[in-house]
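Hello,

Here is the structure we spoke about. Please open it first, then read my notes below.

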Amino acid sequence: MFSLRAEAISKRFQYEWIFKNISLNLNLGESLAITGGNGSGKSTLIKAISGAIPLTSGKIEQIHNSHSVSLDLWHQNLAISAPYLEVPEEFNLSELLTFHFKFKKPLREISIEEIIDILYLGDHRNKPISQFSSGMKQRVKLALAIFSDVPLILLDEPTSNLDKKGINWYQKIVSTYLSDRIVILATNEEREYEFCKQIIALEDYK
Ligand SMILES: Nc1ncnc2c1ncn2[C@@H]1O[C@H](COP(=O)(O)OP(=O)(O)OP(=O)(O)O)[C@@H](O)[C@H]1O
């Protein structure tokens, strides 16, 4: 079993408090939306939960089979899709997926070809990612995270750059592939987080 706990976590950059005193307890099958206006600290909180930046105070723990996972192993249990995370754009789609799934086990033993089909990018498999449109890149980033066999999925602005078809696609893959994991979303779009049972409005933690 896997869970995520945060106890009274706070983050300050220089003199600016970004959030104060947030506590979380999430088990598999539970999802959390972090909401707030531009600059309210959504991405900062996602980065802290991923272990990429340190907290000012408080503690975050990944718990696996009743044991606290050491920080240097957190990355093995999580996958993240975010606008500030780039993928190697010189790869074509097949190469990028093959490269990524050398490091992360694919969910439910799904094959690269199946992922390309789900992405409806079959006609673009040999094109370098640098030539993809922003919406195509966004779907690829989401797929890299969602099809990784990890218990914790972090999605920052998941439908940015997606058109109506892409948003429907996002909603479908979220309901098909994420229901048994912990999902944390940073978002202001209700359509992105309507499935989340827990919501944190960062304005309440200043
Ligand atoms: N490395 C940093 N050093 C100093 N300040 C930072 C740093 N990273 C972020 N900030 C500040 O923290 C605040 C929150 O930024 P953050 O990117 O977390 O907001 P956000 O809610 O994700 O915004 P948006 O909706 O625009 O993406 C901003 O005032 C930002 O300038």
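**What I found**

D180 sits in the loop between α5 and β8. This is a predicted model, so please read every value below as computed from it. D180 is partly exposed, because its relative accessibility is 45%. Look at what lies across from it in space. D180 and L28 are separated by 152 residues in sequence, yet their C-alpha atoms are 5.7 Å apart. D180 is in contact with L28 and G29, once neighbours within four places in sequence are set aside.

**Helix α5**

α5 covers residues 164-177, which makes 14 residues. From first C-alpha to last it reaches 20 Å, close to the 20 Å expected at 1.5 Å a residue.

Which residues of α5 are buried? They are G166, I167, W169, Y170, I173, V174 and Y177.

What covers the buried residues of α5? The cover includes the helices α3 (112-118), α4 (134-146) and α6 (190-193). It also includes the strands β7 (152-156) and β8 (182-186).

**The antiparallel sheet**

Now to an open sheet of 4 strands. Its order is β2-β1-β4-β5, and the pairing is antiparallel. β2 (16-27) and β5 (67-68) are the edge strands, and each pairs on one side only.

Take the pairs in turn:

- β1 and β2 run antiparallel and are joined by 8 bridges. A6 stands opposite L24 in β2.
- β1 (residues 2-13) and β4 are joined by 7 bridges and run antiparallel. L4 has Q62 in β4 as its bridge partner. S10 stands opposite S57 in β4.
- β4 (residues 57-64) and β5 are joined by 2 bridges, again antiparallel. H64 has H67 in β5 as its bridge partner.

There are hairpins to check as well. The hairpin of β1 and β2 has 2 residues between the strands. In that hairpin, Q14 takes a positive phi near 45 degrees. β4 and β5 also form a hairpin, with 2 residues between them. In its turn, N65 has a positive phi of about 50 degrees.

**Positive phi in other loops**

Most residues other than glycine have a negative phi.

R108 is in the loop between α2 (93-103) and α3. Its phi is near 50 degrees, a positive value in a residue other than glycine. R108 counts as exposed, because its relative accessibility is 53%.

Y120 is in the loop between α3 and α4. Its phi is also positive, near 40 degrees, and Y120 is not a glycine. Is Y120 exposed or partly exposed? Y120 is partly exposed, because its relative accessibility is 28%.

**S40**

S40 is buried, because its relative accessible area is 5% and the cut-off for buried is under 20%. The side chain of S40 reaches the backbone oxygen of G37 at 2.7 Å. Which residues does S40 touch, not counting those up to four places away in sequence? S40 touches I18, L202, E203 and K206.

**The UniProt record**

One annotation comes from a record. An unreviewed UniProt entry lists residues 4-205 as "domain: ABC transporter". In the model, the end C-alpha atoms of residues 4-205 lie 19 Å apart. The span is 29% helix and 27% strand.

**Where to start**

Then go to D180 and its contacts, L28 and G29. After that, walk across the sheet in the order β2-β1-β4-β5.

Best wishes

Key: Residues numbered from 1 in each chain as written. Predicted model: local features only at pLDDT ≥ 70, side-chain atom pairs only at ≥ 80, totals over all residues. Heavy atoms only, no water. Expected span 1.5 Å × (residues − 1). Buried < 20%, exposed > 50% of the residue type's maximum accessible area, 1.4 Å probe, protein only. Contact = heavy atoms within 4.5 Å. UniProt positions renumbered as here; feature names shortened; annotations may be inferred. Polar contact = N/O pair within 3.5 Å; in protein donor to acceptor, adjacent residues only side chain to side chain. Pairing = 2+ DSSP bridges.
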